[in-house]
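Good morning, everyone. Please take a look at the protein on the screen. I'll walk you through a few of its features.

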Amino acid sequence: TFSISEEMAKQFSLYPNPAKGNATLSWDIALDVESIVVYTLTGQKVRAFEANGQQAALTNLSAGSYLVSVKTAETSVALKLIVE
């Protein structure tokens, strides 16, 4: 289940978007990010990524549209990513 809260989504930055295979997800220092998982728009899990401090490198993604699910201690947020 994905929860998209505009206020919560503002605490994350996903760039570049659209990307050319690699993107960076960064977030507010106050957030406790537990997991980052990339899904296709049909819900198929593509890959999980490790949080490194206040950011994660989303690398080696094929062309397509994705949902980046970020789970924190408080909630989950889904951000859309397009890879060209």
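Start with P18, which is placed in the loop between β1 and β2. Strands here are DSSP E runs of at least two residues, helices are H or I runs of at least four, and both are numbered from the N terminus. A cis peptide bond joins N17 to P18, with omega about 15°. P16 is found in the loop between β1 and β2 as well. Y15 and P16 are also joined by a cis peptide bond, with omega about -15°.

A word on the source. This is a predicted model, where local features need pLDDT of at least 70, side-chain atom pairs count only at pLDDT 80 or more, and totals for chains, interfaces and linings use all residues. Residues are numbered from 1 along each chain as its sequence is written, and side-chain values use heavy atoms, leaving out hydrogens and water.

How confident is the predictor? pLDDT is its confidence in each residue, from 0 to 100. The protein averages 89. Confidence is lowest in helix α1 (residues 6–9), at a mean of 69, and highest in strand β2 (residues 23–27), at 96.

Now the core. A nonpolar core is a set of buried Ala, Val, Leu, Ile, Met, Phe, Trp, Tyr and Cys residues joined through side-chain atoms within 4.5 Å. Buried means under 20% relative accessible area, exposed over 50%, and partly exposed in between, with a 1.4 Å probe on protein chains only. The largest core has 21 residues. β7 gives the most to this core, with four residues.

Last, N60 sits in the loop between β5 and β6. N60 counts as exposed, because its relative accessibility is 65%.

Terms used
pLDDT is the predictor's confidence in each residue, from 0 to 100.
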